[in-house]
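Morning, everyone. Let me put the structure up.

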Amino acid sequence: MYMPRISTKKCKQCGECIDVCPTDVFEVEEEKTVVANPADCIGCESCISVCPEEAITLDEI
Ligand code: SF4
Ligand code: SF4
C-alpha cells in the first residue's frame, strides 16, 4: 500500500495532482487539496511528477 501526503506549507492549490491522478486520490475540501482516498493509490508517482511545488511525497506502507 502507498500513502501519498501533501505538504500544506508547499501546496499552492494548483489542482494538477487532482487532474492527473488515475484513481481520484485527491479532492478539494474547504478550499484545500487533500489526500481524500489514500487506499486507492496505486503508486504511479504521476502526482509527484506533475506537482510544481514538490509538495507531494509517497511512502510505501
Ligand atoms: S501516486 Fe498515482 S495513484 Fe497515487 S496519488 Fe499519486 S497520481 Fe494518484
Ligand atoms: S499539484 Fe502540488 S501544488 Fe498543485 S494542488 Fe497538488 S499538491 Fe498542491
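In what order do the elements of the protein chain run from the N terminus on? The order is β-α-β-β-α-β. That makes 2 helices and 4 strands. Helices (H or I, at least four residues) and strands (E, at least two) are DSSP runs, numbered from the N terminus.

Some ground rules. This is a predicted model, where local features need pLDDT of at least 70, side-chain atom pairs count only at pLDDT 80 or more, and totals for chains, interfaces and linings use all residues. Residues are numbered from 1 along each chain as its sequence is written, and chains are lettered from A and ligands numbered from 1 in the order in which they are written.

Next, the ligand. Ligand 1 is surrounded by 15 residues, with Cys21, Val25, Cys41, Cys44 and Cys47 the closest. Near means a C-beta atom, placed from the backbone, within 6 Å of the molecule. Strand E1 (2-6) and helix H2 (46-50) each give two or more residues to that shell.

Now the core. The largest nonpolar core has 10 residues, among them Cys21, Val25, Cys41 and Cys47. Such a core is a set of buried Ala, Val, Leu, Ile, Met, Phe, Trp, Tyr and Cys residues joined through C-beta atoms within 7 Å. Buried means 20 or more other C-beta atoms within 10 Å of the residue's own, with C-beta atoms placed from the backbone. Buried residues are 20% of the 61 in the protein chain.

Last, Ile6. Ile6 belongs to that core. Leaving out residues up to four places away in sequence, Ile6 touches Cys11, Thr33, Val34, Val35, Ala55 and Ile56. Contact means C-beta atoms, placed from the backbone, within 7 Å.

How values were computed: Buried ≥ 20, exposed ≤ 12 C-beta atoms within 10 Å, placed from the backbone. Contact = placed C-beta atoms within 7 Å.
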